[in-house]
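Let's walk through a structure together, one question at a time.

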Amino acid sequence: MAFLEVKDLQVYFPIKGGILNRTVEYTRAVDGVSFELEQGKTYGLVGESGSGKSTTGRAIIGLEDITSGQVLFEGKDITDKKAKNKNFRKDVQMIFQDPYSSLNPRKRVLDIVAEPLRNYEKLSKQEERKRVQELLDIVNVSPDSIFKYPHEFSGGQRQRIGVARAIALKPKLIIADEPVSALDVSVQAQVLNFLQEIQKELNLTYLFISHDLGVVKHMCDNISIMYKGRYVEQGSTKDIFENPQHIYTKRLIAAIPDIDPRNREKQFEFRKEVTKEYRESFNNYFDSNGLAFGLQSISDTHKVALPEKG
Amino acid sequence: MSNELLKIKNLSTSFRIGDEYYAAVDDVTLTLNKNEVLGIVGESGSGKSALAFSVMRLHTKAKIEGEVLLNNQDIVTMPKSKLDKIRGDEMAMIFQDPLTALNPLTPIGGQIEETLFLHNRKLGQQGRKKRAVELLDLVGIPNAERVFEQFPHELSGGMRQRVIIAIAIANDPKLLIADEPTTALDVTIQAQILDLIRELKEKIHAGIILITHDLGVVAEMADRVAVMYAGQIVEIASVEKLFENPLHPYTRSLLNSVPVEGQDTLHVIQGVVPSLKNLPREGCRFAARIPWVDASAHEENPTMHEVESGHFVRCTCHEHFYIPDQNEEKGEQSNGIS
């Protein structure tokens with residue numbers, strides 16, 4: 001039994017139009033995505049803006065309504081609205097992208113971090129405060145600051161308060177939606193190191209959603225590449241970076257700026273080649289609607305979206 | 001004739017908070033040659049955008065001291081009427097956010113024609129339209145004729161950024177300032193825009209100041225790099241030297257915090273970038289963030305030292321700086337986790 005299994009997930013947003021404001025069409029934000037997560041590992045979900053990566057994350061945790069498909073968490077279908085899935089809500093938490101807007105500016109740190117605790121656990125005031133202080137200690141924010149407001153903290157500290165809130169209920173899975181893209185590099189390093197540390201402490205599983213391949217490469221064991229609501233490639237970090245098969249993956253990798261100025265010319269040439277290949281072989285990799293094909297396994301860990309016969 | 005296009009001499013830009021002025025850009029001296037790309041790197045709050053805005057004189061309330069010489073004309077003291085002639089013509093700027101830099105109520109064509117109209121009255125209506133379409137073509141926008149009629153909201157982020165570049169280069173500027181031109185864009189679009197800027201550089205022979213926080217972008221684009229911290233330039237060198245042999249502790253820390261192959265734990269710079277009000281005004285401004293380096297290593301009044309030809313670094317503390325051992329550092333940080 002997989003820890004988390006997503007089967008043929010679809011999230012469509014209606015486009016309203018006409019005189020009666022009826023649904024005329026759908027935007028297929030997530031269009032048939034399937035994957036499995038194992039406990040204790042980090043999974044990267046990469047794509048450009050509009051690829052549906054955030055919607056996938058939000059659909060799993062229940063922030064978007066699922067059009068069709070199943071999400072099985074420890075074997076239980078959590079898309080079934082009738083079933084009581086209180087445990088699931090506790091076990092899966094989210095870290096949001098922008099630490100400046102994901103913390104309520106009118107609440108004190110104590111109230112922000114204690115909110116999940118108040119929802120699920122009946123604690124006395126003293127116990128609650130003690131727990132919040134412990135949590136702040138874990139994320140390296142001074143436990144004395146429980147009565148401060150979010151504006152009194154820097155970006156990195158705020159993001160860590162967001163992490164404290166996410167780990168308050170000892171979750172098993174954390175969905176991190178671009179957790180560092182709003183931060184400066186040095187602060188980014190701090191948050192990334194820290195996420196890795198608490199992963200070991202608490203045996204967390206991460207679904208790490210990002211557009212930054214460099215960061216994903218650093219953090220993740222497994223990477224999926226998404227394009228227009230579908231997966232184009234899925235594999236271990238090594239598969240994706242050393243043996244990319246899909247032209248879209250190659251293009252993304254080629255677009256990462258090289259930090260060594262001596263490789264500059266080489267990188268330009270490489271990028272030009274890949275762009276040319278992308279233009280020429282577009283029809284081999286995408287169907288007539290410009291969407292990716294279904295995934296085909298090419299090794300135990302590596303799947304690529306290729307036309308049926310391979 | 002010298003090759004020098006822009007010379008910034010002892011430039012300070014101060015903003016008023018309460019009753020006092022605080023310098024966001026503090027005594028910056030720089031030169032930019034023709035046909036050169038100068039990268040300016042730093043974190044948010046380091047003063048890199050304030051510097052760019054000072055060069056363009058876009059600040060309305062700041063106190064600016066020092067000299068900014070563009071082809072020997074001082075921009076700081078120039079009368080407004082003359083400045084209007086130069087800005088958008090001899091020097092132009094590419095702004096960070098393509099979503100907000102364009103007027104949502106005016107078609108694309110009109111926004112390009114505006115710059116052309118203001119700086120080249122001889123060009124008639126027909127001429128302006130022709131030139132505008134030409135420019136859209138030049139920045140790689142397909143169906144330029146159609147885009148000319150469209151409104152900004154009909155274009156994608158990458159396309160809008162191209163339009164902004166088209167406006168910036170409309171009058172063949174000699175100086176182009178690009179303030180985080182790709183930060184709001186996806187990686188593949190970023191690669192396209194950077195390629196475009198590089199191509200345009202060959203075509204229009206402008207000097208470019210590229211402001212970014214992305215070290216990868218600098219490594220790919222710049223000829224020379226200036227690193228800014230807390231309003232000061234702490235290191236200037238050719239791009240090869242800066243990445244091969246970075247000297248200033250800030251530069252080295254920054255390079256070490258970027259994830260690269262085979263690195264387990266990223267280097268974390270202790271503390272935070274000081275806010276404008278709390279900038280240390282005396283001594284080495286980076287000292288507070290490298291407490292393990294002995295205080296005697298810092299100069300009392302750090303100045304720029306030329307270490308090699310063309311490689312300048314502020315303060316002497318780099319001679320005694322080392323990146324502390326990861327484990328040692330980790331032990332310090334993780335106090336209380338277990």
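Q: Which residue of β2(B) is the bridge partner of F15(B)?
A: This is a predicted model, so what follows is computed from its atoms. Strands β1 (residues 4-17) and β2 (residues 20-33) of chain B run antiparallel and are joined by 10 bridges. Within that pairing, F15(B) has as its bridge partner Y22(B).

Q: In the hairpin of β1(B) and β2(B), which residue takes a positive phi?
A: The hairpin leaves 2 residues between its strands. A positive phi near 65° is found there, and the residue that takes it is G18(B).

Q: Which residue in β4(B) does S14(B) stand opposite?
A: Strand β1(B) also pairs with β4 (residues 63-70) of chain B, through 7 bridges, and the two run antiparallel. In β4(B), the residue opposite S14(B) is K63(B).

Q: Why do the buried residues of α4(B) line one face of the helix?
A: Helix α4 of chain B covers residues 125-138 and reaches 20 Å from its first C-alpha to its last, close to the 20 Å expected. Its buried residues are R128(B), A132(B), L135(B) and L136(B). An α-helix has 3.6 residues a turn, so residues three or four places apart point the same way. Seen down the axis of α4(B), the buried residues line one face because they fall within an arc of 100°.

Q: What covers the buried residues of α4(B), and which residues are exposed on the other side?
A: The cover includes α3 (108-119), α5 (144-149) and α6 (157-168) of chain B. On the other side of α4(B), the exposed residues are Q126(B) and K130(B).

Q: Which residue with a positive phi follows α4(B)?
A: After the helix comes a residue whose phi is near 80°. That residue is G140(B).

Q: Over in chain A, how many residues of α5(A) are buried?
A: Helix α5 of chain A spans residues 155-167 and reaches 19 Å between its first and last C-alpha, close to the 18 Å expected. The helix is mostly covered, and its buried residues number 13 of 13.

Q: Which element gives the most to the side of domain 1 of chain A that touches domain 2 of chain A?
A: Chain A is divided into domain 1 (4-228) and domain 2 (229-310), and their contact takes 20 residues from domain 1 and 18 residues from domain 2. On the domain 1 side, the elements giving two or more residues are β2 (22-37), α7 (213-219) and β9 (222-227) of chain A. With 7 residues, the element that gives the most is β2(A).

Key: Residues numbered from 1 in each chain as written. Chains lettered and ligands numbered in written order. Predicted model: local features only at pLDDT ≥ 70, side-chain atom pairs only at ≥ 80, totals over all residues. Helix = DSSP H or I, 4+ residues; strand = E, 2+ residues; numbered from the N terminus. Expected span 1.5 Å × (residues − 1). Buried ≥ 20, exposed ≤ 12 C-beta atoms within 10 Å, placed from the backbone. Domains from an automatic or database assignment. Contact = placed C-beta atoms within 7 Å. Arc of directions from axis to C-beta. Pairing = 2+ DSSP bridges.
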